[in-house]
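The following exercises are to be worked with the sequence and the coordinates at hand. Each task is followed by a solution in steps.

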Amino acid sequence: MSILVSDTSVLIDLERAQLLEEMLGLPFEFAVPDLLYEKELQGQLGDRLIALGLRVEGLTPAEVTRATRVRRENARLSIPDTFAFAIAESREWTLLTGDGALRELAANEEVEMHGVLWLFDQAADGNHIAVDRLHGGLSTLFSHPRCRLPVRDVRDRLARLERLLERLGPMR
């Protein structure tokens, strides 16, 4: 089973879409670095994520060194983001992020990386989540005032989901 190392933005987007439980039920293992968990997720949301199977991973000394070096070279990245990057790179896991600077770094370093829209695609393509739930969740996320997803990409996916809904008819 593939392991996806997530930054906080993806998990928050899934919560805003009201699809956290369903998305963490996809055939992947979800992980975050321990520092990211402690600084950004600990509490009610973190407890919920752990109950849903989120893995909290400690970094090896070599991964901490890599994260520190990445942070020095990329001041735009947060320390938790550099920890997520270092784990994904070192362990050859896939990085999940919505952060532009982190996506750029992953692309430059050839670390496999995706965002929240990719998760919607995985859920739809594998029939893991009902199409009407995906459409509703993506619509809810897109209408959130802090949504920073690319407008065109979201609209394309909403249109695709609408076409699927039309084909399914009343039996969604």
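The exercises below concern a predicted model and proceed from the whole chain to single residues.

**Exercise 1. Overall form**

Solution. Step 3: the C-alpha trace spans about 55 × 30 × 30 Å along its principal axes.

**Exercise 2. Burial, surface and charge**

Task: State what percentage of the residues is buried, and describe the accessible surface and the charges of the protein chain.

Solution. Step 1: of the 172 residues, 47% are buried. Step 2: the accessible surface comes to about 9000 Å², and carbon and sulfur atoms account for 47% of that surface. Step 3: the chain carries 21 positive and 28 negative charges, whose mean positions lie 4 Å apart. Step 4: among contacts between residues at least 6 apart in sequence, 63% join residues at least 24 apart.

**Exercise 3. The nonpolar cores**

Task: Identify the largest nonpolar core and the element that contributes the largest share of it.

Solution. Step 1: the largest nonpolar core contains 39 residues, and M23, L41, L119, F120 and L134 have the most contacts inside it. Step 2: elements that give two or more residues to this core include α1 (8-16), α3 (34-41), α9 (131-143) and α10 (151-168). Step 3: the largest share, seven residues, comes from α8. Step 4: another core, of 22 residues, lies apart from this one, with V70, A86, L102 and L105 among its members.

**Exercise 4. Helix α8 and F120**

Task: Decide whether α8 is mostly covered or uncovered, and list the residues that F120 touches beyond four places in sequence.

Solution. Step 1: eight of the ten residues of α8 are buried, and the helix is thus mostly covered. Step 2: the buried residues are V116, L117, W118, L119, F120, D121, A123 and A124. Step 3: beyond four places in sequence, F120 touches A17, L19, M23, L134, G137, L138 and L141.

**Exercise 5. S6 and R76**

Task: Classify S6 and R76 as buried or exposed, and give their contacts beyond four places in sequence.

Solution. Step 1: S6 belongs to strand β1 (residues 3-6). Step 2: the relative accessible area of S6 is 0%, so S6 is buried. Step 3: the contacts of S6 are L11, A31, V32, P33, L36, A84 and L96. Step 4: R76 occupies the loop between α5 (61-73) and α6 (79-91). Step 5: the relative accessible area of R76 is 60%, so R76 is exposed. Step 6: R76 is in contact with R71, A101 and E104. Step 7: A101 is 25 residues from R76 in sequence, and their C-alpha atoms are 6.7 Å apart.

**Exercise 6. Positive phi angles**

Task: Describe the location and accessibility of E92 and N127, and comment on their phi angles.

Solution. Step 1: most residues other than glycine have a negative phi. Step 2: E92 is not a glycine, yet its phi is positive, about 55°. Step 3: E92 lies in the loop between α6 and β4 (94-96) and, at 74% relative accessibility, counts as exposed. Step 4: N127, likewise not a glycine, has a positive phi of about 55°. Step 5: N127 lies in the loop between α8 and α9 and is exposed, with a relative accessible area of 67%.

Terms used
Residues numbered from 1 in each chain as written. Predicted model: local features only at pLDDT ≥ 70, side-chain atom pairs only at ≥ 80, totals over all residues. Heavy atoms only, no water. Core = buried A, V, L, I, M, F, W, Y, C linked by side-chain atoms within 4.5 Å. Buried < 20%, exposed > 50% of the residue type's maximum accessible area, 1.4 Å probe, protein only. Helix = DSSP H or I, 4+ residues; strand = E, 2+ residues; numbered from the N terminus. Contact = heavy atoms within 4.5 Å. Areas by Shrake-Rupley, 256 points an atom, 1.4 Å probe, with all protein chains shown as cover. Lys, Arg positive; Asp, Glu negative; His and termini not counted. Charge placed at Lys NZ, Arg CZ, Asp CG, Glu CD.
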